[in-house]
Amino acid sequence: MTDLAAVKAALKTQAVETPSWAYGNSGTRFKVFAQAGVPRDPWEKLQDAAQVHRFTGVAPTVALHIPWDRVEGPDGYAGLAKYAEERGLKLGAINSNTFQDDAYKLGSVCHPDAAVRRKAVGHLLQCVDIMDATGSRDLKLWFADGTNYPGQDDIRARQDRLAEGLAEVYGRLGERQRMLLEYKLFEPAFYTTDVPDWGTAYAHCLRLGDKAQVVVDTGHHAPGTNIEFIVATLLREGRLGGFDFNSRFYADDDLMVGAADPFQLFRIMCEVVRGGGLPAEVAFMLDQCHNIEAKIPAIIRSVMNVQEATAKALLVDRSALAEAQLRGDVLGANAVLMDAYNTDVRPLLREVREEMGVEADPLAAYSRSGWAQRIVAERVGGQQAGWGA
Ligand code: PSV
Ligand code: MN
Ligand code: MN
């Protein structure tokens with residue numbers, strides 16, 4: 001039997017971090033379709049994020065991307081953090097960007113030229129300065145580094161350079177700050193990628209120390225990869241720093257989490273619950289781009305999808321499952337899991353929301369609020385999420 005009160009309590013504590021770049025215009029390398037009313041600066045992105053939090057009650061932090069969220073002036077990032085707080089938000093992970101400058105054509109922290117590596121590490125150190133100003137806990141690192149052709153560079157030397165750069169940044173972290181290292185199978189490099197998989201990320205984190213943790217971006221795996229196994233392993237080793245949630249049909253599609261494969265999301269959340277409930281050390285972040293759909297409703301929907309998968313995972317009858325597993329009852333054990341997956345948790349989540357003081361149907365409430373019409377009227381010339389910003 002599952003304890004419904006405990007399930008509700010856990011759902012109320014879960015927090016989903018939304019990414020600043022999801023609020024801006026985005027697209028593929030073929031075309032960016034501009035939408036009316038999108039934010040023109042980081043402050044407007046926070047205004048939109050505040051709406052997502054207002055209608056879901058569980059999206060209190062916003063990840064920044066530097067320099068996409070460039071802030072100047074005397075108050076700088078501390079001022080932005082204050083602006084967030086005035087809207088009931090906090091600034092979350094600081095995402096670095098070592099992939100958009102011409103200098104990074106052959107890589108950043110793995111580049112063969114020490115001067116380019118210096119520039120990249122300098123940027124990462126600057127990101128830690130920003131964390132100090134915003135009070136952010138996490139520095140999220142994704143490296144586009146890699147090679148396109150066999151023989152182009154020395155695979156091992158690139159690992160050495162990576163280790164050296166990471167160690168310097170790690171040494172700069174404060175007591176309560178962490179480094180989250182993200183891996184990605186391929187793209188933009190096509191032959192080798194310097195952090196292509198969880199094993200490579202984990203090996204670097206192990207050498208660095210406890211403040212270095214692995215991030216699992218759900219879109220960054222080969223088709224058919226058992227992501228929940230990776231999650232279980234990293235949790236067991238105490239090295240799962242968080243998720244970049246999104247979903248994919250083919251490659252790094254960055255679609256709404258839970259849209260392509262809600263069953264996979266459920267299986268992932270089952271391992272999170274199995275690995276210790278919803279531990280505060282695991283950051284539940286979205287990393288998505290809404291190219292053709294309305295952005296704020298898509299982000300609200302994504303947060304709800306995470307909640308639904310989490311609710312189902314919490315509903316798994318753990319003792320019945322353990323008993324069936326110990327009996328070797330293959331079908332029985334599978335049935336326990338599927339019973340939870342097939343439960344319609346939407347009524348439960350409506351109750352949870354009402355108990356939290358937010359409206360039962362976040363999408364309908366957002367639609368009624370008039371915010372979408374207001375931003376279209378007030379904002380002209382919205383900002384592109386990343387490229388060229
Ligand atoms: C590129 O693949 C990427 O989507 C990574 O997942 C990062 O987390 C994100 O961009 C932001 O830099
Ligand atoms: Mn990511
Ligand atoms: Mn990605």
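Two residues are in contact if their C-beta atoms, placed from the backbone, lie within 7 Å. In this predicted model, local features need pLDDT of at least 70 and side-chain atom pairs count only at pLDDT 80 or more, while totals for chains, interfaces and linings use all residues. Residues are numbered from 1 along each chain as its sequence is written, and chains are lettered from A, with ligands numbered from 1, in the order in which they are written.

Begin with the whole chain. Among its contacts between residues at least 6 apart in sequence, 78% join residues at least 24 apart. The C-alpha trace spans about 60 × 55 × 40 Å along its principal axes.

Next, select strand 6, residues 178-182 (strands are DSSP runs of E, at least two residues, and helices runs of H or I, at least four, numbered from the N terminus). Five of its five residues are buried, that is, 20 or more other C-beta atoms lie within 10 Å of the residue's own. Arg 178, Leu 180 and Glu 182 lie on one side, Met 179 and Leu 181 on the other.

Strand 4 (residues 138-141) runs parallel to strand 6, joined by four bridges; pairing requires at least two DSSP bridges. Here Lys 140 stands opposite Leu 180. Strand 8 (residues 212-217) also pairs with strand 6 in the parallel sense over four bridges, and Val 215 is the bridge partner of Glu 182.

How values were computed
Buried ≥ 20, exposed ≤ 12 C-beta atoms within 10 Å, placed from the backbone.
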